[in-house]
Amino acid sequence: MTLQADHTTTTVLPEVTRVGGRIGARVDGVRLGGDLAPETVSAIRSALLQHKVLFFRGQQHLDDDAHLAFVRLFGEPTVAHPTVAGEKTHILPVDSDRGKANSWHTDVTFVDRIPAISSLRTLILPPYGGSTVWANTAAAYDGLPVPLKNLVDELWAVHTNSYDYSSHTENADTTADDDKIAAYRAEFRSTTYETEHPVVRVHPESGERALLLGHFVREFVGLNSKESQALFHLLQDRVTRLENTVRWSWDEGDFAIFDNRATQHYAVADYDDHRRSLRRITLAGDIPVAPGGARSVVRTGDASHYSN
């Protein structure tokens with residue numbers, strides 16, 4: 001599909017090419033920055049809603065300021081993180097020196113206003129491995145049998161940053177950087193946040209229903225730990241079915257933007273002791289709404305400083 005927009009000085013011809021049947025597209029012909037024409041921004045937003053994650057090659061010109069200027073075209077940036085210090089207020093280093101997020105998650109679901117959109121820019125890449133996988137949580141909901149849809153439409157979950165999800169991953173680093181990783185995890189949990197979210201949220205732009213799960217889920221409301229674990233794995237396995245996913249192998253100058261309201265992602269830790277570093281900026285979102293109209297409820301923590 002070719003989308004045409006008039007730039008102030010040149011004609012921009014973004015070309016959107018699907019890279020997966022249910023999720024993911026590559027966008028070519030656009031030099032990212034804060035000066036894109038409104039028609040171009042509209043075309044990218046439309047493609048993002050359809051494909052959930054967009055990949056841009058050859059964006060080596062981007063620095064922190066240009067990255068921020070581009071994503072501002074799509075919404076208001078949050079601060080880097082509710083608890084973790086970032087760079088320049090809005091920019092969070094996603095760096096293997098701080099640990100490896102090799103666990104399926106949606107960004108920052110432990111607060112009430114979950115980011116609407118997330119973006120990643122490559123900085124340092126390992127010589128091999130280090131790809132990222134995204135899953136379409138709307139497709140996962142659509143694929144549920146009717147009895148499971150009836151269950152999850154009424155189900156709520158407690159999300160928290162104090163849950164030690166890292167102990168449930170296969171990442172068992174025992175390197176000299178253990179102290180640095182431990183310090184980062186302590187900073188991550190320095191303020192406790194707990195929020196009750198609907199397991200099914202209605203997308204505020206597309207109207208789609210999507211599963212809201214991932215590694216910040218501690219338990220389901222009204223179920224005990226054993227029941228919560230069993231149900232979580234049943235539903236999470238539906239999200240991460242290979243048919244619902246796309247895997248991206250990063251190259252220098254790559255940039256990705258994804259709909260955090262309808263995706264989960266997983267950074268594959270298959271690059272041994274090599275360093276991997278990206279930069280993340282998230283855009284403010286709204287409070288999730290359940291199919292019946294109820295909105296998420298804060299249990300613990302005030303995250304108003306993160307996303308207004």
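**Close-up views of a predicted chain**

**View 1. Gly129 is in contact with Asp270 and Tyr271, leaving aside its neighbours within four places in sequence.** Contact means heavy atoms within 4.5 Å. This is a predicted model: local features need pLDDT of at least 70, and side-chain atom pairs count only at pLDDT 80 or more, while totals for chains, interfaces and linings use all residues. Residues are numbered from 1 along each chain as its sequence is written, and side-chain values use heavy atoms, with hydrogens and water left out. Gly129 sits in the loop between strand 7 (117–124) and strand 8 (132–136). Strands are DSSP runs of E of at least two residues, and helices are runs of H or I of at least four, numbered from the N terminus. The relative accessible area of Gly129 is 43%, so the residue is partly exposed. Cut-offs are under 20% for buried and over 50% for exposed, with partly exposed in between (1.4 Å probe, protein chains only). The C-alpha atom of Gly129 is 8.6 Å from that of Asp272, although the two residues are 143 apart along the chain.

View 2. Asp272 has a phi near 55° and is not a glycine. Its loop runs between strand 16 (263–267) and strand 17 (277–283). Asp272 is partly exposed, at 48% relative accessible area. Val108 also has a positive phi of about 55° without being a glycine. Val108 belongs to the loop between strand 6 (92–95) and strand 7. With a relative accessible area of 3%, Val108 is buried. Most residues other than glycine have a negative phi.

**View 3. Thr245 is buried, in strand 14 (residues 245–248).** Its relative accessible area is 16%. Beyond neighbours within four places in sequence, Thr245 has contacts with Ile23, Trp104, Val133, Trp134, Ala135 and Thr240.

**View 4. Phe56 and Phe70 form one of the aromatic pairs.** The structure holds 11 such pairs. Here the geometry is edge-to-face, with 6.3 Å centre to centre and 75° between the planes. Phe56 is in strand 5 (residues 53–56) and Phe70 in helix 2 (residues 64–71), so the pair ties together parts that are 14 residues apart in sequence. Phe56 and Phe70 are both buried. Rings of Phe, Tyr and Trp (its six-membered ring) pair if their centres lie within 6.5 Å; planes under 30 degrees apart are stacked, over 60 edge-to-face, and the rest tilted. Elsewhere, ring pairs link Phe55, Trp134, Trp248, Trp250 and Phe258 into a cluster.

**View 5. Leu36 is a buried loop residue.** The loop lies between strand 4 (25–28) and helix 1 (38–51). Relative accessibility of Leu36 is 9%. Its C-alpha atom is 10.0 Å from that of Ala69, 33 residues apart along the chain.

**View 6. The second largest cavity holds about 50 Å³ of space.** The whole structure has 2 cavities of 30 Å³ or more. A cavity is a set of points on a 1 Å grid where a 1.4 Å probe fits but cannot get out; lining residues have an atom within 4 Å of a point. The lining consists of Thr106, Ile114, Thr137, Arg201, Leu211, Leu212, Asn260, Arg261, Ala262 and Thr263. By type, the lining has 4 nonpolar, 4 polar and 2 charged residues.

**View 7. The whole chain has 6 helices and 18 strands.** Of its 308 residues, 55% are buried. Among contacts between residues at least 6 apart in sequence, 82% join residues at least 24 apart.

Note on methods
On a 1 Å grid over the protein atoms alone, a cavity is a set of points where a 1.4 Å probe fits but cannot get out, and a pocket is an open set with protein on both sides within 12 Å along at least five of seven lines; lining residues have an atom within 4 Å of a point. Grid points are joined across faces, edges and corners, and a volume is the space filled by probe spheres set on the points. Ala, Val, Leu, Ile, Met, Phe, Trp, Tyr, Cys and Pro count as nonpolar, Asp, Glu, Lys and Arg as charged, and the others, Gly among them, as polar.
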